[in-house]
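Here are a few friendly notes to read alongside the model.

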Amino acid sequence: MTGPRTRVVRRPRYPVTREIDEQTGLGEAYMRSLLRAQLRLAVGLCLVLAVVVAGLPLLFALVPEVRERTVLGVPLPWLVLGGLIYPWFVACGWWYVRQAERNEDDFAELVDRDPAPHDRP
């Protein structure tokens, strides 16, 4: 028996999308991975926002020099909390959407990739 195999039993190769649709263990692992990445992103951004939103009033309460400073006749706390914080929130929202879409694109690329060349019939 030195000749090459003429008959090879191959397992059927299912695309990952089918694994996800049929909710197999592998499909669930892929979905958990995506959900974990999105949750990590959301929690991280929420923590940053919470620190800033809670930290600014605390800063103004604890440091009288900052609280009493004025810019163009407007008290600094009013300027920061009433005007500068909103563009920063918008920028954070834009960054979050961009990162979430990047996570989804990476996931879609992972799911839609071709099977390895040695697995093809």
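A nonpolar core here means a set of buried Ala, Val, Leu, Ile, Met, Phe, Trp, Tyr and Cys residues joined through side-chain atoms within 4.5 Å, and buried means under 20% relative accessible area. Please keep in mind that this is a predicted model.

1. **The core.** The largest nonpolar core consists of five residues: Leu56, Phe60, Leu76, Val80 and Ile85. Two helices, H2 (25–62) and H4 (76–112), each contribute at least two residues to this core. The largest share comes from H4, with three residues.

2. **Leu76 and its contacts.** Leaving aside residues up to four places away in sequence, Leu76 touches Phe60, Val66, Arg69, Thr70 and Val71.

3. **A backbone point to check.** Leu72 is not a glycine, yet has a positive phi of about 55°. Where does Leu72 lie? Leu72 sits in the loop between strand S1 (70–71) and strand S2 (74–75). With a relative accessible area of 85%, Leu72 counts as exposed, because the cut-off for that class is over 50%.

4. **The surface patch.** Val48, Val53, Tyr86, Trp88 and Phe89 make up a nonpolar patch on the surface, and together they have about 440 Å² of accessible area. Both H2 and H4 supply at least two residues of the patch. H4 gives the most, with three residues.

5. **The aromatic rings.** How many aromatic pairs does a search of the whole structure find? The search finds two. In one, the ring centres of Tyr86 and Phe89 are 6.4 Å apart and the planes stand at 90°, so this pair is edge-to-face. Tyr86 and Phe89 are separated by about one helical turn, because they are three residues apart in helix H4. In the other, the rings of Trp88 and Phe89 have centres 5.9 Å apart and planes at 45°, so this pair is tilted. Tyr86, Trp88 and Phe89 form one aromatic cluster.

6. Is Phe89 buried, partly exposed or exposed? Phe89, found in helix H4, has a relative accessible area of 31% and is therefore partly exposed. Trp88 is also partly exposed, with a relative accessible area of 32%. Both residues belong to the surface patch of point 4.

Note on methods: Residues numbered from 1 in each chain as written. Predicted model: local features only at pLDDT ≥ 70, side-chain atom pairs only at ≥ 80, totals over all residues. Heavy atoms only, no water. Buried < 20%, exposed > 50% of the residue type's maximum accessible area, 1.4 Å probe, protein only. Helix = DSSP H or I, 4+ residues; strand = E, 2+ residues; numbered from the N terminus. Contact = heavy atoms within 4.5 Å. Patch = residues over 30% accessible without salt bridge, like charges linked within 9 Å, V, L, I, M, F, W, Y side chains within 5 Å. Areas by Shrake-Rupley, 256 points an atom, 1.4 Å probe, with all protein chains shown as cover. Salt bridge = Lys/Arg side-chain N within 4 Å of Asp/Glu carboxyl O. Phe/Tyr/Trp six-rings, centres within 6.5 Å; stacked < 30°, edge-to-face > 60°.
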